[in-house]
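Here's a quick briefing to read with the model open beside you. Take a look at the structure first, then we'll go through a few spots.

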Amino acid sequence: MIEIHYICGFKLFQACKKTHLKEKITNINLMINLVLFGAPGAGKGTQAERLQEKYNLIHISTGDVFRYNIKNKTELGKQAKTYIDEGRLVPDEVTINMLRSEVNKNENAKGFIFDGFPRTTAQAESLDEFLSTKNAKVDAMLALEVDDEVLVKRLLDRGKISGRKDDANEEIIRKRLAVYYEETDIVKSYYQKENKFHSIDGVGSIEEITDRLSEAIDQIK
Ligand code: AMP
């Protein structure tokens, strides 16, 4: 009797193991990781909020994480503050470590929307490396395209309500745009080479832009 139970138990255990494995594999296949890209003011944050709900993804905004840490006066906040106030990029090493730990906080995620990351080729490379340790990858870069003068106006308007120091000053805004063209725009070509690049018109109503992004995501899925 005990033996029969043991055998049944063992078979059950094996069956559970198989189902568990299947679920794990299915999860990996279902996982979708998106890089939402664009210059400051392109609408990444607004769109990421909408897409995370629609596709049940975790939204990680590196800018938001830095601001949270600055507000709470953490060590990371202290390291990032001067760079952010001056419109410069926080050093890669600091940013990459922070991004990894944010991803690791969400082990059961169905996927991520990376907003504001990667901003350099080194960050893009390290993201690939890191995701590969989790049997995952970036599926697509969705780049919101908006003219510079529209960006400046949007950021100045946002600065009036957000209280963000880096949005309130036109000189800092133009510095951030210059940094974008000097250091970040090149990241597009990294994903172009991998056939993962999608250019999305970022001018229109919020709903129209979500529709354009969704169309691109639905093709990838
Ligand atoms: P954002 O909210 O995306 O506009 O980011 C605000 C600021 O945070 C940027 O101007 C940078 O100083 C810093 N920052 C955000 N993401 C990154 C990143 N991936 N690499 C370096 N600095 C970043």
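Which side chains does a polar contact of 2.8 Å join? Those of Asp-167 and Arg-176, where a polar contact is a pair of N or O atoms within 3.5 Å; within protein, one must be able to donate a hydrogen and the other to accept it, and residues adjacent in sequence count only if both atoms are side-chain atoms. Keep in mind that this is a predicted model, with local features needing pLDDT of at least 70 and side-chain atom pairs counted only at pLDDT 80 or more, while totals for chains, interfaces and linings use all residues. Numbering runs from 1 along each chain as its sequence is written, and side-chain values use heavy atoms, leaving out hydrogens and water.

**Asp-167**

- You'll find Asp-167 in helix α8 (residues 165-168); helices here are DSSP runs of H or I with at least four residues, numbered from the N terminus.
- Asp-167 is buried, at a relative accessible area of 0% (buried means under 20%, exposed over 50% and partly exposed in between, using a 1.4 Å probe and protein chains only).
- Arg-158 is also a partner: its side chain makes a polar contact with the side chain of Asp-167 at 2.7 Å.
- Setting aside neighbours within four places in sequence, Asp-167 is in contact (heavy atoms within 4.5 Å) with Leu-155, Leu-156, Arg-158, Gly-159, Ser-162, Ile-173 and Arg-176.

**The ligand**

- The ligand is surrounded by 15 residues, and the closest are Thr-62, Arg-67, Arg-88, Gly-116 and Arg-119; a residue makes the list if one of its heavy atoms lies within 4 Å of the ligand.
- Helix α3 (residues 62-71) gives the most to this shell, with four residues.
- Thr-62 has a polar side-chain atom 2.8 Å from a ligand nitrogen atom.
- Gly-116 uses a polar backbone atom, 2.8 Å from a nitrogen atom of the ligand.
- Gln-123 places a polar side-chain atom 3.0 Å from a nitrogen atom of the ligand.
- On its own the ligand has 480 Å² of accessible area, and the protein covers 96% of that (Shrake-Rupley method, 1.4 Å probe).

**Ile-220**

- Ile-220 sits in helix α11 (residues 206-220).
- Is Ile-220 buried or partly exposed? Partly exposed, with a relative accessible area of 26%.
- Ile-220 and Ile-32 are 188 residues apart in sequence, yet their C-alpha atoms are 8.7 Å apart in space.
- Neighbours within four places aside, Ile-220 is in contact with Ile-32, Leu-34, Asp-139, Ala-140 and His-198.

Technical notes. Helices (H or I, at least four residues) and strands (E, at least two) are DSSP runs, numbered from the N terminus.
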